[in-house]
Amino acid sequence: MMQSERRWARDAVLETLATRAGDALAAYPLILDDLSLGQPISWAVVRDAAGRRALGTALTPVGECATSAEPCADLPSDWRDWPLAALPPRLMADHPLERCLALATVNAIAQHRLAREELAGVEQVAGRGHVVRWVAAQAARRVVVIGNLGPLVAGLSAAGIPHVVFERHPHQRAGAWSDAQEWAWLEQADGLILTGATLLNHTLAPLLALARTARFRVLVGFSAQAHPTFLAGCGLTHVFSVHVRQLERLRRALQIARWQTLFEHETSYFARIPSTE
């Protein structure tokens, strides 16, 4: 773990996301109702004074932990004693599992707000197929996909959309290219699709900077549950994610690592991200 006096990392996207989640929490108080590091999905549940709950998720960064230290070691050993407001700022923590818990919490705060807004401002859609049809309608000829998002990539291929896929983890590549080569393709991309996991490893900001001329830059997946306004001005144009209505059903499924039908059984949505807050 890097000592605090030597820590100089900056990530404007994560810092903004944490600040906006904190502001939303200050405006509408919530409490932490459940928190879990799962495989492959971690989750957080928040609850308001009326008992209304929301669940946020994040991909668990298995294999990316370079320390034996416990995450959130400065907090009590029982998460039920953790103040909810302490978690969003940990998006900038050194420990990847700490960032994972923070992102799941930020997403839960965002999803609670979306529920209060009755999903105003987002378009409820029929799963990943909507993203494929939307991308096809943009007539993009050089689409870069960050993360080997199996069903989505298969849909792009079936639709005849020219694309190239990059994946960080060798055991998940299955035909995708190493992420070490991304930079050579991004400057000429006219479309960019990124896994929400880029929020966990400090790669979203540089990827967006390299693909600044792409006509669309879409963040996708269950880690991408941040409220569209939380992401305003960061360089993304759209977000595709999922809103959980059957909270207990999904939580029981996640407890036994059953997540593959998440986008089919819950409410998928697609939204434009404001260019400014």
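Modeller: Helices (runs of H or I, at least four residues) and strands (runs of E, at least two residues) are taken from DSSP and numbered from the N terminus. This is a predicted model, in which local features need pLDDT of at least 70 and side-chain atom pairs count only at pLDDT 80 or more, whereas totals for chains, interfaces and linings use all residues. Residues are numbered from 1 along each chain as its sequence is written, and side-chain values use heavy atoms, with hydrogens and water left out.

Colleague: Is His112 buried or exposed?

Modeller: His112 is found in helix α2, which spans residues 96-116. Buried means under 20% relative accessible area, exposed over 50%, and partly exposed in between, with a 1.4 Å probe and protein chains only. Because its relative accessibility is 2%, His112 counts as buried.

Colleague: Which residues is His112 in contact with, leaving aside its neighbours within four places in sequence?

Modeller: Contact means heavy atoms within 4.5 Å. With those neighbours left aside, the residues in contact with His112 are Tyr28, Leu30, Val46, Asp48, Arg52, Arg53 and Ala54.

Colleague: At what distance from the ring centre of Tyr28 does Arg116 lie?

Modeller: A charge sits over a ring if NZ of Lys or CZ of Arg is within 6 Å of the ring centre and within 35 degrees of the ring normal. Arg116 lies over the face of Tyr28, and its distance from the ring centre is 3.7 Å.

Colleague: How are the rings of Trp134 and Phe216 arranged?

Modeller: The structure holds 6 aromatic pairs, where rings of Phe, Tyr and Trp (its six-membered ring) pair if their centres lie within 6.5 Å, and planes under 30 degrees apart count as stacked, over 60 as edge-to-face and the rest as tilted. In the pair of Trp134 and Phe216, the centres are 5.2 Å apart and the planes stand at 80°, so the arrangement is edge-to-face.

Colleague: How many residues apart in sequence are the parts that the pair of Trp134 and Phe216 ties together?

Modeller: Trp134 is buried at a relative accessible area of 18%, and Phe216 is buried at 2% relative accessibility. Because Trp134 lies in helix α3 (residues 128-137) and Phe216 in the loop between α6 (204-210) and β9 (217-220), the pair ties together parts whose separation in sequence, in residues, is 82.

Colleague: Which residues are linked into a cluster by ring pairs?

Modeller: Trp134 and Phe270 form a tilted pair, 5.2 Å centre to centre with 55° between the planes. This pair links distant parts of the chain, since Phe270 belongs to strand β11 (residues 267-272), 136 residues apart from Trp134 in α3. Trp134 and Phe270 are both buried. The cluster linked by ring pairs consists of Trp134, Phe216 and Phe270.

Colleague: At roughly what angle do the axes of α3 and helix α4 cross?

Modeller: Axes are lines fitted to C-alpha atoms, for helices over the stretch in contact, and angles run from 0 to 180 degrees between N-to-C directions. The axes of α3 and α4 (residues 150-158) come within 9 Å, and they cross at roughly 35°.

Colleague: Which residues of α3 and α4 make the contact?

Modeller: By class, this contact has 6 nonpolar, 1 polar and 1 charged residues, where Ala, Val, Leu, Ile, Met, Phe, Trp, Tyr, Cys and Pro count as nonpolar, Asp, Glu, Lys and Arg as charged, and the others, Gly among them, as polar. On α4 the contact is made by Pro151, Leu152, Gly155 and Leu156, and on α3 by Arg128, Val131, Val132 and Val135.

Colleague: Is Leu119 buried or exposed?

Modeller: Leu119 lies in the loop between α2 and β4 and has a positive phi of about 60° although it is not a glycine. Glu118, placed in the loop between α2 and β4 (123-125), has a phi near 55° and counts as exposed at 69% relative accessibility. With a relative accessibility of 4%, Leu119 counts as buried.

Colleague: What is omega near for the peptide bond from Gln39 to Pro40?

Modeller: Pro40 lies in the loop between β1 (31-36) and β2 (41-47). The bond from Gln39 to Pro40 is cis, and its omega is near 5°.
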